[in-house]
Amino acid sequence: MYHSVATAPNDATRDLSVAPEAFVEQMAMVADLGLTPVGTAELAAGWRSGRPLPARPVLVTFDDGYEGVHRHALPVLAEHGFAATLFVSTGWIRGAYDTGGGLDTMLDWDQVRDLAGAGVEIGGHSHTHPQLDQLDDDTLRSELVRCKELVADELGTVPASFAYPYGYSSRRVRRAVRAAGFTQALAVGNALARRRQGPYALRRVTVRRGTDAEEFARLLEGRSIARTFARDRALTKGYAVVRRARQVRRKAIRCRV
């Protein structure tokens, strides 16, 4: 799971960005290890049908829609002939629907179309990038449907895959994503994706600016992942308790009103 690929990211995106030269090195490592990048829809379809996947499949994904995915990542992916998936928050893409919430320089719709034309799968990532599990049902549905419809309108293709903003979901959110017409969805979890996770809770591992070559190799080979992300998992569990408490308070307030 990548976010920004940038030489000089701002403070808001720095930790979850990678330098262009690091991305070059990482994709070369994918090739050297004999892994085969596949699209999110291809992976899910293969697991659903039981059809064999390419040897040593791996997903290369980008969240949010930062401009560096077009400027820096696309030429590297094209050089290797690698598949990838870009999950866009449609209200962050520069153009007619821009809500101004983007954290750094974002893609515009022409660049998104370039990426799609180059074979990058374009998936949904909500409209305004909220914590979906904190939304009421109507707002949740609006975020999902608005995103799906804008991608379809701009690209002429209905997106099949979705990624949860911040990685947060719940059973209710997953049902809503399915009802909106997405056929698979990615979380974070910082673990390898497994078929048994189901098509709406597939996990990914995070690549950061501080991910060096040795750690990246371990991630690709599935080694020491639990140890690498032990702190992240502890923080995630703690914050999950906080989010659930917030939901309970919101429900209590709505009931009183």
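This is a predicted model: local features need pLDDT of at least 70, side-chain atom pairs count only at pLDDT 80 or more; totals for chains, interfaces and linings use all residues.
User: Which kind of aromatic pair do tyrosine 166 and tyrosine 168 form?
Analyst: Tyrosine 166 is partly exposed, with a relative accessible area of 45%. The ring centres of tyrosine 166 and tyrosine 168 lie 5.8 Å apart, with 25° between the planes. Planes under 30 degrees apart count as stacked. The pair of tyrosine 166 and tyrosine 168 is therefore classed, under this cut-off, as stacked.

User: How many aromatic pairs does the structure hold?
Analyst: A pair of aromatic rings is described by the distance of the centres and the angle of the planes. Rings pair if their centres lie within 6.5 Å. The number of aromatic pairs in the structure is seven.

User: Why is the pair of phenylalanine 23 and phenylalanine 62 called tilted, and what is the angle of their planes?
Analyst: Phenylalanine 23 lies in helix α1 and phenylalanine 62 in strand β5, 39 residues apart, and the pair links distant parts of the chain. Both residues are buried. Their ring centres are 5.9 Å apart, and the pair is tilted because the planes stand at 50°.

User: Which residues do ring pairs link into a cluster?
Analyst: Tyrosine 2 is in contact with residues beyond its sequence neighbours, including Phe23 and Phe62. Through ring pairs, the cluster consists of Tyr2, Phe23 and Phe62.

User: Which residues touch the most other members of the largest nonpolar core?
Analyst: The largest nonpolar core has 32 residues. The elements giving two or more residues to this core are α1, α3, β6, α4 and α7, and α3 gives the largest share, five residues. Apart from this core lies another, of 15 residues, with Leu135, Phe162, Val173 and Ala187 among them. In the largest core, the residues touching the most other members are Tyr2, Phe23, Met27 and Phe62.

User: In β6, which residue is the bridge partner of aspartate 64?
Analyst: Strands β5 and β6 run parallel and are joined by four bridges. The chain crosses from β5 to β6 through α3, in a right-handed β-α-β crossover. The bridge partner of aspartate 64 in β6 is valine 88.

User: Which residue stands opposite leucine 186 in β10?
Analyst: Five of the six residues of strand β9 are buried. With β8, strand β9 pairs in the parallel sense over three bridges, and alanine 163 stands opposite leucine 186. Strand β9 also pairs in the parallel sense with β10, over two bridges. The residue of β10 opposite leucine 186 is leucine 202.

User: Which helix joins β8 and β9 in a right-handed β-α-β unit?
Analyst: Strands β8 and β9 pair in the parallel sense. The helix in their right-handed β-α-β unit, spanning residues 171–179, is α6.

User: What distance separates the C-alpha atoms of tryptophan 47 and arginine 196?
Analyst: Tryptophan 47 is found in helix α2 and is partly exposed, with a relative accessible area of 22%. Beyond its sequence neighbours, the contacts of tryptophan 47 include Leu53, Ala193 and Leu202. Arginine 196 is 149 residues away from tryptophan 47 along the chain, yet their C-alpha atoms are separated by 9.6 Å.

Methods. Residues are numbered from 1 along each chain as its sequence is written. Side-chain values use heavy atoms; hydrogens and water are left out. Buried means under 20% relative accessible area, exposed over 50%, partly exposed in between (1.4 Å probe, protein chains only). Two strands pair if DSSP finds at least two bridges between them. A crossover is right-handed if, with the strands pointing away from the viewer, the path from the first strand over the helix to the second runs clockwise. A nonpolar core is a set of buried Ala, Val, Leu, Ile, Met, Phe, Trp, Tyr and Cys residues joined through side-chain atoms within 4.5 Å. Contact means heavy atoms within 4.5 Å. Rings of Phe, Tyr and Trp (its six-membered ring) pair if their centres lie within 6.5 Å; planes under 30 degrees apart count as stacked, over 60 as edge-to-face and the rest as tilted. Lists of a residue's contacts leave out its neighbours within four places in sequence.
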